[in-house]
Amino acid sequence: MPDDFERMWSDLAPIGRSAQSGGYFRQPFTAPENELRAWFLEQCAARSLRVESDAFGNLVGWWDVGAGPAVLTGSHLDSVLDGGAYDGPLGVVSSLAAVDVLRSRGVVPARPIGVSVFVEEEGSRFGLACLGSRLATGTTSWEAARELRDRDGVAFGDVVEGGSSSLLASVGTYVELHVEQGRNLVDRGAAVGVASEIWPHGRYRFDFGGVADHAGTTRMEDRADPMLTYAFTALGANKQARLAGQRATFGRVEVTPNGTNAVPSHVTAWLDARCATESSLSSLVDGITTQATDRASRDGTSLEVTAESVSPAVVFDPVLAARVAADHEDGDWPIIPTQAGHDAGILSAAGVPSAMLFVRNPTGVSHSPAEHAELPDCLVGVSALADTLERLAQ
Ligand code: HGY
Ligand code: MN
Ligand code: MN
């Protein structure tokens with residue numbers, strides 16, 4: 001098995017990798033991601049997995065065996081901008097390797113097993129997190145999704161056929177393996193963990209409007225500077241999140257006209273907020289918005305806030321989580337929360353009993369070229385996933 005895993009892993013390593021940062025740019029329906037999809041189809045063909053795709057670009061390789069509700073595993077292949085190698089692809093490679101392990105064990109599953117690749121999980125191109133799994137589950141309608149646009153104004157409806165999806169119609173259970181994005185497992189000294197919940201989280205676009213003017217001849221008291229309102233908002237968000245024990249990030253800003261010697265006319269900034277409960281999420285976002293609105297009135301600027309992607313709290317099926325976590329060679333695996341969104345969260349919220357397996361990340365760093373998992377832990381993850389599939393598909 002190690003050679004299968006290592007071979008697949010080395011296939012993917014160069015695809016979409018930046019020579020400067022070593023990070024990955026695998027945005028959906030771009031050349032690197034198309035290359036990854038072609039690779040996935042080859043891997044399915046090599047395993048005689050029947051490939052099914054839907055009108056949104058989601059893929060499943062089916063091991064047509066047994067009968068009844070299928071057990072689906074897999075993850076995503078797209079990345080954030082300048083992302084790590086593991087977030088997404090580790091789940092897809094581990095799923096294919098787990099099928100190889102089951103076959104090498106001579107296991108004949110009583111239920112069909114599928115390996116899925118959901119499209120645009122990161123929302124890094126069209127802005128809505130888990131876009132593919134939201135469409136496959138009907139959580140988001142095609143009518144709403146087709147108008148989503150990337151930074152060049154290209155609409156999602158221009159890059160996919162669109163319509164409907166029956167990809168998940170036969171699925172009874174979904175299990176996603178994912179690199180842990182955090183330090184829980186490394187602090188516990190555990191190679192593998194199981195997800196208990198996903199914090200509610202959202203992405204909000206803050207549009208600050210001001211008055212363009214000369215950077216030199218305009219007196220400070222005569223300005224309506226949206227950059228000032230934005231800067232104050234970013235500081236305020238950080239402070240409010242710290243005080244509330246929650247998470248708030250402004251990681252993306254677009255300035256118009258972005259000139260060196262002009263007061264900008266407009267600043268757009270995106271808030272990523274994540275909280276332990278839905279009520280704390282709305283109070284954090286409301287608190288940040290209130291502070292920004294108040295500052296805008298003092299700066300003579302305008303503010304409009306738009307929720308672009310909201311993911312409610314997910315509590316994974318506790319019985320399924322306990323079943324997946326129980327009785328392994330070194331005891332039960334820890335059941336831990338995460339603040340990262342996943343397709344498994346979308347499927348769980350849509351009523352598909354779902355579970356997640358996390359593989360230890362020695363630094364906890366993710367959404368960064370520095371994201372890493374050690375090969376031995378990845379191989380423990382593959383056998384953990386194989387055990388889980390064997391357990392669920394009997
Ligand atoms: O952003 C997230 O929570 C996930 O990594 N897509
Ligand atoms: Mn992911
Ligand atoms: Mn991610």
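Which protein donors does the manganese ion (ligand 3) have, and how far from it do they lie?

1. The donors of the manganese ion (ligand 3) are Asp-87 (OD), Glu-122 (OE), Glu-122 (OE) and His-367 (NE2), at 2.1 to 2.7 Å. Donors are N, O and S atoms within 2.8 Å of the metal (3.2 Å for Na, K and Ca); water is not among the atoms, so sites may look incomplete. Along the chain the donor residues follow the spacing D-x34-E-x244-H. Asp-87 lies in the loop between β3 and α3, and His-367 in the loop between β15 (354-359) and α12 (375-392), so this pair ties together parts that are 280 residues apart in sequence. Helices (H or I, at least four residues) and strands (E, at least two) are DSSP runs, numbered from the N terminus.

2. This is a predicted model, in which local features need pLDDT of at least 70 and side-chain atom pairs count only at pLDDT 80 or more, while totals for chains, interfaces and linings use all residues. Residues are numbered from 1 along each chain as its sequence is written, chains are lettered from A and ligands numbered from 1 in the order in which they are written, and side-chain values use heavy atoms, with hydrogens and water left out.

3. Asp-87 coordinates both manganese ions, ligand 2 and ligand 3, which are 3.6 Å apart. Since Asp-87 is in the loop between β3 (70-76) and α3 (89-104) and His-178 is in strand β5 (residues 171-179), the pair ties together parts that are 91 residues apart in sequence.

4. Around ligand 1 (a heavy atom within 4 Å) are Asp-87, Glu-121, Glu-122, Gln-181, Arg-203, Arg-274, Ala-340, Gly-341 and His-367. Polar contacts are pairs of N or O atoms within 3.5 Å. An N or O atom in the side chain of Arg-274 is 2.6 Å from an oxygen atom of ligand 1. The protein covers 96% of the 220 Å² of accessible area (Shrake-Rupley method, 1.4 Å probe) that ligand 1 has on its own.

5. Two backbone features deserve a check. The peptide bond from Thr-256 to Pro-257 is cis, with omega near 0 degrees; Pro-257 lies in the loop between β9 (247-256) and β10 (262-263). Glu-120, in the loop between β4 (113-118) and α4 (131-137), has a positive phi of about 50 degrees although it is not a glycine. Most residues other than glycine have a negative phi, and most peptide bonds are trans.

Terms used
A polar contact is a pair of N or O atoms within 3.5 Å; within protein, one must be able to donate a hydrogen and the other to accept it, and residues adjacent in sequence count only if both atoms are side-chain atoms.
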